[in-house]
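Hello,

Here is the structure I promised to pass on to you. Have a look at it first, and then read my notes below.

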Amino acid sequence: MQHLPTVLLRVLLVIGLTLSVPSLLPASGAEQSGNRRVVITIKGMMCASCSHEIEKSLNKVAGVVMVTVDLSQDRATVIYDERKVTSRHLAEVIRKAGYEAILPNEAPTAPLLGR
Ligand SMILES: [Cu+2]
């Protein structure tokens, strides 16, 4: 994978942060009954093309309603239909794309940075 120059990376980071703001707003149509939200910790993302790759892979999964991959926070927020897909499967998709994925209930017991 080709890593992008730092300047371009910064620009894409700002865009990424802007796009992630709507997820902070109150529940929208994306979050209805039957839909769940999971925040998956991802390790191994080096640049914006990494996060884009993961976003693309997750968006292909049937039952995925919305994906936000946050490169600076090393995590993906996924809203999915629990009748169609499980969070474990979502983590598996990220692993198959070549990254480490940790589900909330798999998190290490040791305190994480920033927590
Ligand atoms: Cu990369």
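Let me begin with how the chain folds back on itself: of the contacts between residues at least 6 apart in sequence, 67% join residues at least 24 apart. Two residues are in contact here if their C-beta atoms, placed from the backbone, lie within 7 Å.

Before going further, two points on reading the model. Residues are numbered from 1 along each chain as its sequence is written. This is a predicted model, where local features need pLDDT of at least 70 and side-chain atom pairs count only at pLDDT 80 or more, while totals for chains, interfaces and linings use all residues.

The pLDDT is the predictor's confidence in each residue, from 0 to 100. Its mean over the protein is 81, and 63% of the residues reach 70 or more. Over residues 21-26 the pLDDT is below 50, and this stretch has two contacts in the model beyond near neighbours in sequence. Where pLDDT is low, the predicted coordinates should not be read in detail.

Now the overall plan. The protein has three helices and four strands, and along the sequence they follow the pattern α-β-α-β-β-α-β. Helices (H or I, at least four residues) and strands (E, at least two) are DSSP runs, numbered from the N terminus. Of the 115 residues, 17% are buried. A residue is called buried if 20 or more other C-beta atoms lie within 10 Å of its own, exposed if 12 or fewer, and partly exposed in between, with C-beta atoms placed from the backbone.

Two strands pair if DSSP finds at least two bridges between them.

Strand β3 (residues 75-81) is joined to β2 by six bridges, and the two run antiparallel. Across this pairing, M66 stands opposite I79, T68 stands opposite T77, and D70 has R75 as its bridge partner. β3 also pairs with β1 in the antiparallel sense, over seven bridges, and there V39 stands opposite T77. The covered face of β3 holds A76, V78 and Y80, whereas R75, T77, I79 and D81 are on the uncovered one.

β2 and β3 form a hairpin with four residues between them. Most residues other than glycine have a negative phi. D74 counts as partly exposed, because it has 17 C-beta neighbours inside 10 Å.

Next, two of the helices.

You can check the length of α2 (residues 48-59) yourself. The expected span of a helix is 1.5 Å times one less than its number of residues. With twelve residues, α2 should span 16 Å, and its end C-alpha atoms are 16 Å apart, which agrees. Which residues of α2 are buried? They are A48, C50, S51, I54 and L58. Seen down the axis of α2, these buried residues fall within an arc of 160 degrees, so they line one face of the helix; the arc is that of the directions from the helix axis to the C-beta atoms. K56 and N59, on the other side of α2, are exposed.

Finally, please find A101 in strand β4. A101 is buried, because 23 other C-beta atoms lie within 10 Å. Leaving out residues up to four places away in sequence, A101 touches I40, I42, A91, I94 and R95. A101 and I42 are 59 residues apart in sequence, yet 4.6 Å apart in space, C-alpha to C-alpha.

Happy exploring!
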